[in-house]
Amino acid sequence: MRIYNTLSRKKEKFIPLEPGKVKIYVCGPTVYNYFHIGNARTFIFFDVVRSYFTYRNYEVTYVQNLTDIDDHLIEQAIKEKTSVPEIAEKYIAAFFADISQLGVKKADHYPKATEYIGEMLDMIEKLAEKGLAYEVNGDVYFSVDSLTSYGRLSGKKLEELRVGARVEENLQKRNPADFTLWKKAKEGEPRWPSPWGEGRPGWHTECVVMSRKLLGETIDIHGGAVDLIFPHHENELAQAEGISAKPFVRYWMHGGFLNIGGEKMSKSLDNFFLARDVVKKFDSEVLRIFFLSKHYRSQIDYNLDLIGESEQALHSLYMLLKDLDYLRIMDKRINYTEEVLESKNEFLAAMDDDFNTARSIAVLFDITRKARQYYNQQNPVYEEYLHMLVELGQVLGLFQNLAIKLKTDWDSYSNDLIALLVKYRDKFKEEKNWEMADQIRNDLRSIGIELQDTKEGTIWKSLK
Ligand code: AMP
Ligand code: ZN
């Protein structure tokens with residue numbers, strides 16, 4: 001298996017620290033708002049990474065943090081006229097509800113920053129003892145000049161950083177590129193006691209501390225999207241290297257952005273769609289196909305035409321399983337023949353090549369074609385292909401709740417078609433064309449669908 005490591009800027013053979021085990025830490029959300037579909041791309045991708053390692057029989061420990069204290073939460077608490085812990089609680093609950101809608105499995109641990117303040121203080125004190133951190137008026141900074149390796153993850157040069165950071169010049173810092181480890185509390189802000197007075201930890205300290213605490217000094221994979229390479233991950237790495245000679249992370253993985261109109265989807269640019277709204281429009285598995293059809297390191301534009309294509313692609317997979325009556329053979333024990341195993345190997349080869357999901361999805365469609373071909377020829381090998389399709393699709397997070405989905409008579413297309421007819425009927429009613437409006441109602445009734453006009457609009461139910 002090979003993984004592109006941001007640190008070395010090349011694909012490297014994956015060798016876990018401990019054979020058979022993988023420790024993964026992925027930077028999670030700052031819980032001051034609902035997350036958008038760009039964040040969801042990253043969460044979905046790492047869900048697949050974890051799922052694939054599990055499929056390959058690794059024992060995976062997957063940690064995703066929840067940043068429950070920072071400026072955004074403080075601002076949001078003021079906006080919503082409530083407290084920071086209440087904001088955190090509200091959006092943590094929303095985060096779990098939303099990832100569940102997206103079909104993203106829960107991580108093994110969701111550490112909250114505020115639960116590790118003591119450990120963070122220990123880390124900052126150690127850095128200060130080693131001469132890597134200094135305090136000025138209650139704020140504590142990391143001194144980037146004190147660490148020769150600073151900048152090696154992002155490839156940035158100290159000189160370039162010094163100039164860049166001058167824009168927001170903070171005269172307290174020895175070097176404008178120094179970053180905050182501990183922030184003095186302002187009037188009314190949440191605070192914890194520390195040797196430097198009351199305050200709170202910086203974001204970069206949170207992740208490195210929680211990663212080390214839950215997964216140990218060295219982890220296998222640390223992930224997020226590319227925006228985290230600098231400064232967040234660079235600064236985590238600096239602290240870890242500052243206090244330990246052991247490597248912090250073996251493989252740094254960074255996903256590309258979900259863009260919109262060529263720009264990164266982000267809260268600050270106000271160009272986002274919330275994941276919770278998007279999953280109301282599209283099945284979560286449609287979104288999976290949409291995201292996974294491109295390599296995780298490439299950028300993707302939020303494009304409704306392409307999502308429409310993914311919708312059709314997913315529909316064709318389910319139609320195959322329905323047409324070929326997968327439910328009937330679902331519990332059958334299967335011994336795969338050589339040629340079916342070959343398809344599986346192609347899938348594995350794609351995934352082993354730095355999680356090339358675009359290629360692994362192509363293999364799924366290849367399997368689909370073969371299944372249909374064999375079925376048409378009344379060759380029972382089609383059953384093996386169906387089983388393989390489901391097995392591999394599930395590695396990517398497709399075919400969740402499969403039995404239920406295949407049993408329901410009403411697939412999403414029927415729903416969409418009825419909604420369309422109701423829309424046309426509304427139009428006829430607007431034009432006072434009662435004859436056509438009634439005709440639609442009667443025709444629908446004749447196939448077992450009853451329309452009811454309510455104050456909120458027309459609703460329908462199945463009479464079957
Ligand atoms: P945030 O809450 O902004 O810190 O982001 C949570 C996670 O989503 C981090 O791993 C980010 O790198 C990632 N992320 C943020 N914006 C995008 C985007 N437009 N596309 C993909 N991932 C993103
Ligand atoms: Zn982080």
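This is a predicted model: local features need pLDDT of at least 70, side-chain atom pairs count only at pLDDT 80 or more; totals for chains, interfaces and linings use all residues.
Residues are numbered from 1 along each chain as its sequence is written, chains are lettered from A and ligands numbered from 1 in the order in which they are written, and side-chain values use heavy atoms, with hydrogens and water left out.

Helices (H or I, at least four residues) and strands (E, at least two) are DSSP runs, numbered from the N terminus. Cys207 is buried, its relative accessible area being 0%, and His232 is also buried, at 1%. Buried denotes under 20% relative accessible area, exposed over 50%, and partly exposed the range in between (1.4 Å probe, protein chains only). Helix α7 also contains Pro231, which is joined to Phe230 by a cis peptide bond with omega of about 0°.

Ligand 1 is surrounded by 18 residues, of which Gly38, Thr42, Asp227, Leu258 and Met265 are the closest; a residue is counted if one of its heavy atoms lies within 4 Å. The side chain of Asp227 places an N or O atom 2.6 Å from an oxygen atom of ligand 1. Backbone atoms also take part: a polar backbone atom of Leu258 is 2.8 Å from a nitrogen atom of the ligand, and a backbone N or O atom of Gly38 lies 3.1 Å from a nitrogen atom of ligand 1. Polar contacts are pairs of N or O atoms within 3.5 Å; within protein, one must be able to donate a hydrogen and the other to accept it, and residues adjacent in sequence count only if both atoms are side-chain atoms.

Two cavities of 30 Å³ or more are found in the whole structure. A cavity is a set of points on a 1 Å grid over the protein atoms alone where a 1.4 Å probe fits but cannot get out, and lining residues have an atom within 4 Å of a point. The largest cavity holds about 90 Å³ of space. It is lined by 13 residues, and Arg41, Phe45, Phe291, Leu292 and Tyr296 are the closest to its centre. Helix α1 provides the largest share of this lining, five residues. The second largest cavity holds about 40 Å³ and is lined by Phe43, Tyr62, Gln64, Phe95, Ile99, Val104, Lys105 and Tyr110. Both β4 (59-64) and α3 (84-101) give two or more residues to the lining of the second largest cavity.

Positive phi values occur at two non-glycine residues, Asn57 at about 70° and Lys432 near 55°. Asn57 is in the loop between α1 and β4 and is exposed, with a relative accessible area of 69%. Lys432 is in the loop between α16 (412-430) and α17 (434-446) and is likewise exposed, at 60%.

Conventions. On a 1 Å grid over the protein atoms alone, a cavity is a set of points where a 1.4 Å probe fits but cannot get out, and a pocket is an open set with protein on both sides within 12 Å along at least five of seven lines; lining residues have an atom within 4 Å of a point. Grid points are joined across faces, edges and corners, and a volume is the space filled by probe spheres set on the points.
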